[in-house]
Amino acid sequence: MATEEEIAVKEPLDLIRLSLDERIYVKLRSDRELRGKLHAYDQHLNMILGDVEEVVTSVEIDDETYEEIVRTTRRTIPYLFVRGDGVILVSPPLRTV
Amino acid sequence: MLFFSYFKELVGKEVTVELKNDLAIRGTLLSVDQYLNIKLENTRVVDQDKYPHMLSVRNCFIRGSVVRYVLLPPDAVDIDILHDATRREARGN
């Protein structure tokens with residue numbers, strides 16, 4: 001039975017509960033980002049995501065011109081467990097216009 | 001305890017554990033504990049040319065804190081059960 005407990009949003013983790021079964025954006029340490037469907041999480045922000053795209057960003061410096069070259073590496077993973085200690089933030093996916 | 005229970009159900013399945021040092025190890029999940037320490041058997045390093053450190057290693061214990069990801073087989077994920085368990089866990093805290 002639906003109770004007030006299920007619907008009440010009291011603390012930040014409750015906000016994440018609203019995103020269950022929805023696509024989310026996760027920023028991780030080491031310049032990594034994930035976009036995927038949130039299937040499970042806990043208080044440590046350990047998560048299981050589905051249909052995930054991982055984007056790894058790296059900056060190379062050209063030996064001669066010293067310009068910064070920003071590269072991104074992408075891969076897709078069907079189901080992924082993410083350890084919570086690497087998570088920086090969780091959000092609904094950002095819309096790029 | 002949610003993910004501890006989940007991984008206990010996965011024992012016997014083949015997974016790929018990606019560590020924080022970028023090493024990726026594929027193997028059969030042998031056991032897991034409350035810290036999400038992992039024991040794998042029949043292990044192979046994913047990019048063996050790049051990481052020849054463990055060429056002859058077939059069994060290993062991985063400290064939970066060094067894990068970045070565990071890549072799961074699609075048949076090991078029951079979405080409905082995970083959603084229900086998450087809602088129960090979230091409500092209990």
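**Exercise 1.** State how much area chain A and chain B bury between them, and on which atoms.

*Solution.* Chain A and chain B bury about 2,400 Å² between them, where buried area is the accessible area (1.4 Å probe) that two parts lose on being put together, summed over both. Carbon and sulfur atoms carry 62% of it. Within chain A, the residues that lose the most area to chain B are A:Y79, A:F81 and A:R83, together 29% of what that side buries.

The model is predicted: local features need pLDDT of at least 70, side-chain atom pairs count only at pLDDT 80 or more, and totals for chains, interfaces and linings use all residues. Residues are numbered from 1 along each chain as its sequence is written, chains are lettered from A in the order in which they are written, and side-chain values use heavy atoms, without hydrogens and water.

**Exercise 2.** Find how many residues each chain brings to the contact, and classify those of chain A.

*Solution.* With contact taken as heavy atoms within 4.5 Å, chain A gives 28 residues and chain B gives 28 residues. The side of chain A that touches chain B holds 14 nonpolar, 4 polar and 10 charged residues; Ala, Val, Leu, Ile, Met, Phe, Trp, Tyr, Cys and Pro count as nonpolar, Asp, Glu, Lys and Arg as charged, and the others, Gly among them, as polar.

**Exercise 3.** Count the salt bridges between the chains and locate one of them.

*Solution.* The count is 4 salt bridges, each a side-chain nitrogen of Lys or Arg within 4 Å of a carboxyl oxygen of Asp or Glu. One joins the side chains of A:R75 and B:E18, at 2.5 Å, N to O.
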